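The sequence and the model are shown first, and the description follows.

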Amino acid sequence: MLKFVIKRLFWMIPSLFAVSFLAFVLIQLPPGDFVTTYIATLASSNEVVDQNTAAQLRERFGLDQPMLVQYLKWIWGIVTRGDFGLSFEWQQPVSGLIWERMALTLVLALASLIATWALALPIGVYSAVKKYSIGDYAFTAFTFFGLSIPSFLLALVLMYVAAVEFGQDVGGLFSSQYETAPWSIGKMYDLLTHLWLPVAILAVSSTASLIRVMRANMLDELPKPYVTTARAKGLSEFRLLVKYPLRIALNPFISTIAWLLPNLISGSVVVAIVLNLPTAAPLLLQSLMAQDMYLAGAFVLLICALTLIGSLISDILLALVDPRIRLE
Amino acid sequence: MTDILSIAPRPSMTANKPLLEVRNLVTEFPLRTGIFRAVDDLSFSIEQGKTLCVVGESGSGKSVTARSILQIIDSPGRIASGSILLHQPDGTSLDLAKLDPRGRAIRSVRGRDIAMIFQEPMSSLSPVHTVGDQITEALRLHLKMGKAEARAEAISLLRQVEIPNPEKAIDRYAFQYSGGMRQRAMIAMALACKPQLLIADEPTTALDVTTQAEILDLISRLQKAHGMAVLFITHDMGVVAQIADDVLVMHHGVAKEYGPVEQIFHSPQDPYTRMLIGSVLKLEQKAEIRLARPPLDTTAAPLLDIRNLSMHFGDMKALDDVSISLLPGETLGIVGESGSGKTTMGRSIMRLYDPTGGEMRYRRADGTVLDLAKIGGAELKAARRELRMVFQDPFGSLNPRMTVSQVIGEPLLVNGIARGKDLDERVCHLMEQVGLDPTTRERYPHAFSGGQRQRIGIARAITLNPRIIVADEATSALDVSVRFQVLDLLMRLQDDLGLAYIFISHDIGVIRYMCDRVGVMYRGKLVEVGEADKVCNAPDHPYTQALISAIPRPDPRDRDHSRRFRYTEPDAVKNGSSAR
């Protein structure tokens with residue numbers, strides 16, 4: 001087991017290099033660079049930048065060098081100093097920019113994950129056990145709605161209802177007075193009052209799909225002979241349900257961890273933009289549009305690393321909970 | 001049917017109250033098309049310490065009967081009427097049929113007073129819990145034992161069911177056990193709370209005969225030790241003859257005959273019972289068709305000559321230096337237990353596997369000989385037209401989305417031999433040959449019974465006028481009454497079409513009925529080859545002797561267990577994988 005983990009960790013190194021290089025190339029593929037975008041932005045506000053200034057800017061940012069050199073410089077900085085470079089647009093170190101947003105991203109992602117699982121697992125189990133009951137049909141109807149409504153539409157509607165009908169302050173994760181204030185009990189409370197809306201929106205579609213998956217998994221397991229065996233032993237329905245079929249039906253969920261982690265960053269872009277949330281996703285989008293390549297590159301690298309770590313974690317967890325994987 | 005039931009209760013029962021009394025039980029399954037009665041007005045009783053065998057073919061309702069007793073019928077089945085009286089030692093009686101299937105009262109009976117073991121020990125045990133966990137569960141639930149006490153008890157239970165090294169085995173998972181050991185673990189689990197009644201639902205059907213013999217011995221020993229009653233469900237009349245005190249014969253949910261084992265076997269009253277016993281006894285001798293044939297020309301050049309064939313999967317030698325030949329018009333039986341390599345042999349001959357070594361010299365109709373182990377491409381394709389296969393599972397081997405005429409006609413179509421009206425006529429002719437009504441050719445496989453499906457599989461195999469047919473356990477999934485009909489069909493086709501069969505089976509009865517010569521396989525090696533009569537009645541090799549001795553004889557007067565023994569390889573056990 002330990003050998004397996006070490007081997008997997010070792011293999012992550014070349015994959016990370018390959019992906020970082022690809023990401024770097026891909027970001028630069030569109031015509032132009034940050035300076036062109038910058039000039040275009042300035043031009044829209046009627047400021048003219050002459051060729052010399054542009055060339056100077058390029059030299060300052062190191063954009064005049066060949067791409068390979070740029071890449072090697074960047075990756076050398078990461079490996080030796082943990083320096084992800086400077087964001088052109090923000091004129092700040094990339095790592096600072098990302099970490100600033102990661103904390104809130106994490107809070108939002110975890111909150112919606114917990115909400116999703118807490119709702120979807122029991123509902124899915126109920127739907128499967130009481131197949132074709134009124135409750136099952138009601139939840140099935142809900143899941144189809146949840147799956148088919150685009151989340152940005154739901155966001156707009158909920159924002160309207162919350163703001164107009166209940167006079168709530170929506171958008172963002174903080175009220176304006178707490179936006180820049182240091183952390184305090186008041187700020188925590190303020191965060192909680194703002195959190196429910198994005199969490200609800202994000203949770204609806206994922207809860208819906210998770211209910212379907214859980215119901216299908218349980219329906220596969222329920223008629224299995226080992227469930228009958230447990231019943232013949234005299235276990236109560238609830239106990240046997242939790243101990244046997246639920247336990248096995250949960251296995252597929254562990255594999256979803258692999259894509260949960262990268263989703264922290266890139267998931268829910270549209271909702272975050274619509275609700276003006278200070279999470280990582282809008283920053284990623286912005287950096288890509290501005291061709292802010294060090295920031296975008298760092299994001300892609302992070303997403304890739306999280307994917308690799310996520311799949312390693314889910315593989316290890318699967319082996320831990322399923323002896324068939326561990327021992328065969 | 002009621003006339004038989006009105007005989008009960010039989011005189012012996014009046015003296016003492018039986019343990020379990022089932023009266024006029026009706027179990028129904030509400031379906032979209034109406035209500036299906038799986039068990040119809042069934043009455044029987046089981047006495048303390050006795051064994052009642054419920055016997056019947058598939059769909060007879062025997063399993064549903066067993067599950068009705070514990071109220072664990074698969075949804076949407078339910079008990080519609082009747083009573084199931086459990087007479088407890090303290091003199092009180094409990095009507096299990098009246099209890100709520102999810103209620104506390106029935107749960108305290110399950111596992112404590114009445115325990116159950118199932119057919120498929122692998123899927124009946126949880127794959128992610130240790131065997132010990134599943135055994136201690138019942139102990140802690142019903143006997144309120146503590147963790148350590150339950151564990152000690154579970155170890156002693158595993159020792160009682162003769163699992164080697166129980167202290168270690170308790171922490172293993174079901175998939176680390178062999179088939180026989182899993183069933184032993186199931187038995188240990190069922191016996192944990194010393195139930196008064198053990199319900200065994202086809203507990204040995206998935207096991208090899210030698211393992212079956214051991215499990216049956218074990219159950220009867222434990223039964224004597226605990227004074228427990230056993231309700232044993234099986235389709236195997238041989239097993240019934242060996243273990244039953246009383247027998248209940250079921251057919252389509254109704255009791256056909258109910259009485260002591262001696263009466264059922266030696267003076268059966270009901271025509272269905274007679275037919276059932278008759279078809280079992282039929283497999284105890286050579287087929288009539290074969291007796292009428294002229295003796296086989298043993299001097300003819302072999303049609304297929306297998307020399308030193310080997311097939312290795314990694315370190316596992318599935319076939320180890322096997323040499324055997326097949327004469328024209330011969331039926332060659334290959335017999336062995338699971339894992340002996342008999343299926344690998346069939347598949348290697350069909351070149352579904354590429355053999356690791358050896359030759360398979362096949363003599364074509366024009367006299368030329370080619371080595372099936374080496375050829376490829378067009379040559380192999382041509383050879384495959386002359387070698388066809390009939391598979392074991394009549395349900396899995398037919399595509400459910402193709403009509404019967406498509407299934408049978410496909411080989412003709414893909415080989416570009418016939419199409420359109422010509423194809424249709426050929427399909428009709430083939431269906432007549434295998435005894436199916438050609439007007440049903442546009443139906444899908446689900447509309448046919450198991451036996452009919454196997455006929456479809458046979459029709460598909462003979463479409464291209466093959467010379468050799470490899471039949472891999474072709475009749476194992478069929479009920480006894482259908483089994484010999486399919487065997488007779490195969491032999492008739494052999495006479496009509498001049499076929500040679502390689503007949504792979506674990507069932508000595510089928511081999512004796514059908515085959516001219518038999519090869520016995522054990523762990524990838526061919527240990528004995530000889531005339532079918534010789535091998536089935538007076539085998540030379542000790543393994544074959546052990547195998548024959550383990551087969552339950554369908555005669556309750558012939559219950560001598562003492563001549564049974566287990567074969568152990570003379571050159572010790574090679575690998576130390578004790579749990580497998």
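Helix α1 (residues 2-28) of chain A packs against α15(A) at an angle of about 155°, and their axes are 9 Å apart. On the side of α1(A), the residues that make the contact include V5(A), R8(A), M12(A), L16(A), V19(A), A23(A), F24(A) and I27(A). On the side of α15(A), they include M293(A), A296(A), V300(A), L301(A), C304(A), L308(A), L312(A) and I316(A). By class, the contact of α1(A) with α15(A) has 16 nonpolar residues, four polar residues and one charged residue. These values, like the others in this report, come from a predicted model.

Helix α15 (residues 293-321) of chain A also meets helix α14 (residues 280-289) of chain A; the two axes come within 8 Å and cross at roughly 135°. The crossing in which α14(A) passes α15(A) is left-handed. In this contact, L284(A), S287(A) and L288(A) of α14(A) meet L295(A), A296(A) and F299(A) of α15(A). Five of the residues in the contact of α14(A) with α15(A) are nonpolar and one is polar, while no charged residue takes part.

The next topic is chain A as a whole. Its secondary structure consists of 16 helices and zero strands. The C-alpha atoms of chain A fill a box of roughly 85 × 60 × 40 Å along the principal axes. Chain A has 328 residues, of which 30% are buried. Of the contacts in chain A between residues at least 6 apart in sequence, 72% join residues at least 24 apart.

One residue of chain A stands out by its backbone. Q91(A) is not a glycine, yet it has a positive phi of about 55°. Most residues other than glycine have a negative phi. Q91(A) is placed in the loop between α4 (67-81) and α5 (94-129) of chain A. Because Q91(A) has 7 C-beta neighbours inside 10 Å, it counts as exposed.

Chain A also touches chain B: 21 residues of chain A are in contact with 26 residues of chain B. On the side of chain A, the elements that give two or more residues are α9 (225-232), α11 (245-249) and α16 (323-327). The largest share of this side comes from α9(A), with six residues. By class, the side of chain A that touches chain B has nine nonpolar, four polar and eight charged residues.

Chain B is divided into domain 1 (2-113 + 197-282), domain 2 (120-194) and domain 3 (328-340 + 386-550). The C-alpha centres of domain 1 and domain 2 of chain B lie 25 Å apart. Between these two domains, 13 residues of domain 1 are in contact with 15 residues of domain 2. Helix α9 (residues 209-226) of chain B gives the most to the side of domain 1 that touches domain 2, with seven residues. That side of domain 1 comprises eight nonpolar, three polar and two charged residues.

The peptide bond from S75(B) to P76(B) is cis, with omega near 5°. Most peptide bonds are trans. P76(B) lies in the loop between α3 (62-70) and β4 (78-87) of chain B. D321(B), which is not a glycine, has a positive phi of about 55°. D321(B) is placed in strand β12 (residues 316-326) of chain B, and because it has 14 C-beta neighbours inside 10 Å, D321(B) counts as partly exposed. N537(B) is in helix α21 (residues 532-537) of chain B. With 10 other C-beta atoms within 10 Å, N537(B) is exposed. N537(B) and G132(B) are 405 residues apart in sequence, and their C-alpha atoms are 43 Å apart in space.

Key. Residues are numbered from 1 along each chain as its sequence is written. Chains are lettered from A and ligands numbered from 1 in the order in which they are written. This is a predicted model: local features need pLDDT of at least 70, side-chain atom pairs count only at pLDDT 80 or more; totals for chains, interfaces and linings use all residues. Two residues are in contact if their C-beta atoms, placed from the backbone, lie within 7 Å. Helices (H or I, at least four residues) and strands (E, at least two) are DSSP runs, numbered from the N terminus. Ala, Val, Leu, Ile, Met, Phe, Trp, Tyr, Cys and Pro count as nonpolar, Asp, Glu, Lys and Arg as charged, and the others, Gly among them, as polar. A residue is buried if 20 or more other C-beta atoms lie within 10 Å of its own, exposed if 12 or fewer, and partly exposed in between; C-beta atoms are placed from the backbone. Domain bounds come from an automatic or database domain assignment. Axes are lines fitted to C-alpha atoms, for helices over the stretch in contact, and angles run from 0 to 180 degrees between N-to-C directions. A crossing is left-handed if the near helix is turned anticlockwise from the far one by less than a right angle, and right-handed if clockwise.
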